[in-house]
Amino acid sequence: MTVEQPEPVATQFADDVLRVEHITKRFGAVTALTDVNLRLARSEVLGLIGDNGAGKSTLLKILCGFQQPDSGRIVLNGEEVSLKSVDQARALGIDAVYQDLALINELTVYHNMFLKREHVRWPLLNNKSMRRQAKQHLEDMGVGIPSVDVQVAKLSGGQRQAIAVARSVYSDAKILLLDEPLAAMGAKEAAMILDLVRDLKRRGDVSVIIIAHNYGQVLEVCDRVNLLQHGEITLDKYSADTSVVELTNLVVAEYRAALEARHRSA
Amino acid sequence: MSETAERSPGVQSAAPGGSPPGNNLLGTAKRGLTIFGQQREATVFIVVVALVIYFKAAAPAFATKDNLVNISQITAPVAIIAIGEVLLLVCGEIDLSVGFIFVLSPFVMHFLIDYYSVPVIPAVLVALLMGVAFGYINGFITVTLRVPSFIATLGTGFVILGIMQVTSHDEPVNIPAKAVSVGQWLGADAWSEIIWAVVLVAIFHVLLTRTRWGLHTVAVGGNMLGASEAGISVARIKMAAFMISGFMGALVGMQEAFRVSDIDPTSGGYGIMFSAVTAAVIGGTALTGGSGTIIGAFFGALLLAILSDGFNLLGISADPLPIITGVAILVAMIANVQLARLRRAGKT
């Protein structure tokens, strides 16, 4: 095996559940993504890191069908797909948990868990069945909340995140996209989310892409890390082959260079 | 959860599941009371009951059949229009034009029957459809052209008023003779309006609280971005609410024309619309979106009707009535906002 970068991209093609090839996305004059290539293996947890504005969220929104790329292709289980809507992506097993969680504060936990996939005994909602299954599923996943009948507004940030993740997993998502699931979390709540991701990995049928800022947590839970800078993937390494120091250095390198240039000219 | 298990049974919340075999009557009553207290309609319902008790004692004429008919006829139009407004307020919008759809609707029916010899039933249906069509226009301007509904419906309201004035020359007309029999069950009969109101309120209450569509309406109002990310069509939900509001306006406009057996260009307008919004707010619907109750709005309409009727019976001048209405709105809104804040803080 060569040690040349980016090394892991060349291997294990057969087991990839998702491949993103040459994706480009522009918003007016701004190019958010330039020729992005990314792959995700079965039951792999991939960390996607990068500075603010690097294009992480744009990439995520394209993968879950919320936005469409200007060019490039998305290959799912070996077949090219076009993701025209959130519903379509979801039907193909790709589901995202956004930073804002897409939870409805005014609704109960179980209604949130089944939003847009409600159980219906025509013409009415089958609340009993939704309540029972939501409770069962949250127990299975080890998510501790007082009751599925409370409004999600009353829950803590970690609990809300856990419910959003549980909702996606429960809806048969095979590829889970988590947009900064650890942002604004306390240590205890972050640990709970990381446990949840580890559990998913153990189950083996879900592949996960996590966007995060805390490199320590990323390396702790992810199998592999991709670094996105100015809309381009500039690093693709297994977690074991890199470190917090290397990732930090790469991200701050350009600022440091700019700073040094300024110092020199001064 | 261990947390709940450790609590004493007396303070256990009304969680689903089997009740202990030795459950006494007091416990059941207590729990029933707790559930009742949690309903947003509870406050306004209690106020209505208190007012009924007071006026019944203070004014002998209050409980007579004629007076009850009178109260029902003040309540019904406001309650029906409030159905549409509650749906809109729940998804974060409002319809200021509904009172003008109300005025135009019986004229449309009259033109079709008297000038174009259209049979009565189709004429009524076309007038209703006109309401739905203006609702669609309101929705289109708000959802597609992204003009806030407050402004969009302010504009369309004037347009509809103008259409009515131009076509009717601002002159009142009689109900078409052919339509009188249909008018009986639509609104002219003593109890017909309130029957319509109760049936519609019941239907839409169930739709809002027990169906997918209702859940999605609440979701759109609660977190519009979240709802669309979950795959809910925000546009379709809002469109439906505007169209229902237009329909209700057209329906009530004809009902009221039949009731007073006169098609009056000065009826409706902002008065009935603001009454409906007031009823909705007093009933527990937040103007911030995401929550609302149609039954609450019905009791809100009933409360307003009983107040004005009761004042009248007691011979008190109606002059201070707006003060009471205004205070009721403010109290309801302050309670709404503060209770929501307390609930978020987890204190209730």
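So, the overall size of chain A: a compact globule of 266 residues would have a radius of gyration near 18 Å, and chain A has 20 Å, which agrees. That radius is taken over C-alpha atoms, and the globule rule is 2.2 Å times the number of residues to the power 0.38. Keep in mind that this is a predicted model: local features need pLDDT of at least 70, side-chain atom pairs count only at pLDDT 80 or more, and totals for chains, interfaces and linings use all residues. On labels, residues are numbered from 1 along each chain as its sequence is written, while chains are lettered from A and ligands numbered from 1 in the order in which they are written.

Staying with chain A, its C-alpha atoms fill a box of roughly 70 × 40 × 40 Å along the principal axes. It has eight helices and twelve strands. Those are DSSP runs numbered from the N terminus, with helices being H or I and at least four residues, and strands being E and at least two. Buried residues make up 43% of the chain's 266. Here, buried is 20 or more other C-beta atoms within 10 Å of the residue's own, exposed is 12 or fewer, and partly exposed is in between, with C-beta atoms placed from the backbone.

How about contacts? Two residues are in contact if their C-beta atoms, placed from the backbone, lie within 7 Å. In chain A, among contacts between residues at least 6 apart in sequence, 68% join residues at least 24 apart.

Now a helix pair to find on screen. Helix 5 of chain A, residues 157-170, packs against helix 6 of chain A, residues 187-203, at an angle of about 15°, with the axes 9 Å apart. Axes are lines fitted to C-alpha atoms, for helices over the stretch in contact, and angles run from 0 to 180 degrees between N-to-C directions. Helix 5 and helix 6 of chain A are therefore roughly parallel; the cut-offs are under 35 degrees for roughly parallel, over 145 for roughly antiparallel, 65 to 115 for roughly perpendicular, and oblique for the rest. From helix 5 of chain A, the residues touching helix 6 include Gly157(A), Ala162(A) and Val169(A), and the helix 6 partners include Met192(A) and Leu200(A). That contact divides into seven nonpolar, three polar and one charged residue. For the classes, Ala, Val, Leu, Ile, Met, Phe, Trp, Tyr, Cys and Pro count as nonpolar, Asp, Glu, Lys and Arg as charged, and the others, Gly among them, as polar.

Over to chain B, with 15 helices and zero strands. Of its 348 residues, 46% count as buried. Thr28(B) sits in helix 2 of chain B, residues 25-38, and counts as exposed because it has 11 C-beta neighbours inside 10 Å.

Which helices of chain B pack at about 130°? Helix 5, residues 98-116, and helix 13, residues 270-282, with their axes 7 Å apart. That makes the two helices of chain B oblique to each other. Val98(B), Gly99(B) and Phe102(B) of helix 5 meet Tyr270(B), Gly271(B), Ile272(B) and Met273(B) of helix 13.

Last, the interface. 24 residues of chain B are in contact with 27 residues of chain A. On the chain B side, helix 10 of chain B gives the largest share, five residues. By class, that side has ten nonpolar, nine polar and five charged residues.
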